[in-house]
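The reader may wish to keep the structure in view throughout.

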Amino acid sequence: MNITIYHNPSCSKSRKTLEIIRGHGIEPRIVEYLRTVPDAATILNLADLLELGVGDLMRKAEPEYQAHNRDANPGGNDDAALAVWLAQHPGVLQRPIVVDEDRSVAVIGRPPEAVLGLLSEPAPESSAGS
């Protein structure tokens, strides 16, 4: 299983989600998104994998969002414009986001147990030898 977690080590939910993943014997690729900020294209891809609009990836209660909320919706519901804004304000990004790279699906680990469905899904069957 090829798992990536967009992780904030300061967040208890993110730490618990990482613990659950490791408890399943999986060592994920860890992206500390405040240090390695995802670009707008990555944010759009994450929203697509989560089947959400980019606005749904924003933690609207965060002080950073509140301080910039006039700028936070630059294009109404324009996901591309919101993704650019979110890439400039990564502290507002929902966390953690866990991606199964093999199946191209993702979940937000809020609550952390939300990741269990992702980890328990069977991998797609290989067509090798067919």
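Glu62 is placed in the loop between α2 (40-50) and α3 (63-67). The model under discussion is predicted. With a relative accessible area of 18%, Glu62 falls under the 20% limit and therefore counts as buried.

Leaving aside residues up to four places away in sequence, Glu62 touches Gly91, Val92 and Arg95. The side chain of Glu62 also makes a polar contact of 2.9 Å with the side chain of Arg59. That pair meets the criterion for a salt bridge too, with an N to O distance of 2.9 Å. Arg59 is buried, as is Glu62.

## Salt bridges

Side chains of opposite charge can pair when their charged atoms come close. Over the whole structure, a search finds five salt bridges. Besides the pair of Glu62 and Arg59, two further examples are described here.

Arg22 forms a salt bridge with Glu27, and the closest N and O atoms of this pair are 2.9 Å apart.

Arg103 forms a salt bridge with Asp100, the closest N and O atoms being separated by 2.8 Å. Asp100 has a relative accessibility of 2% and, being under the 20% limit, is therefore classed as buried.

## Nonpolar cores

The largest nonpolar core contains 23 residues, of which Tyr6, Val54, Leu57, Met58, Leu86, Ile97 and Val99 touch the most other members. Which elements give two or more residues to this core? They are α2, α4 (79-88), β3 (97-100) and β4 (105-108). The largest share, six residues, is supplied by α2.

Another core, of eleven residues, lies apart from the largest one. Its members include Ile5, Ile20, Ile21 and Leu118.

## Summary of the charged pairs

Glu62 and Arg59 are both buried. In the pair of Arg103 and Asp100, Asp100 is buried.

Definitions and conventions:
Residues numbered from 1 in each chain as written. Predicted model: local features only at pLDDT ≥ 70, side-chain atom pairs only at ≥ 80, totals over all residues. Heavy atoms only, no water. Helix = DSSP H or I, 4+ residues; strand = E, 2+ residues; numbered from the N terminus. Buried < 20%, exposed > 50% of the residue type's maximum accessible area, 1.4 Å probe, protein only. Polar contact = N/O pair within 3.5 Å; in protein donor to acceptor, adjacent residues only side chain to side chain. Contact = heavy atoms within 4.5 Å. Core = buried A, V, L, I, M, F, W, Y, C linked by side-chain atoms within 4.5 Å. Salt bridge = Lys/Arg side-chain N within 4 Å of Asp/Glu carboxyl O.
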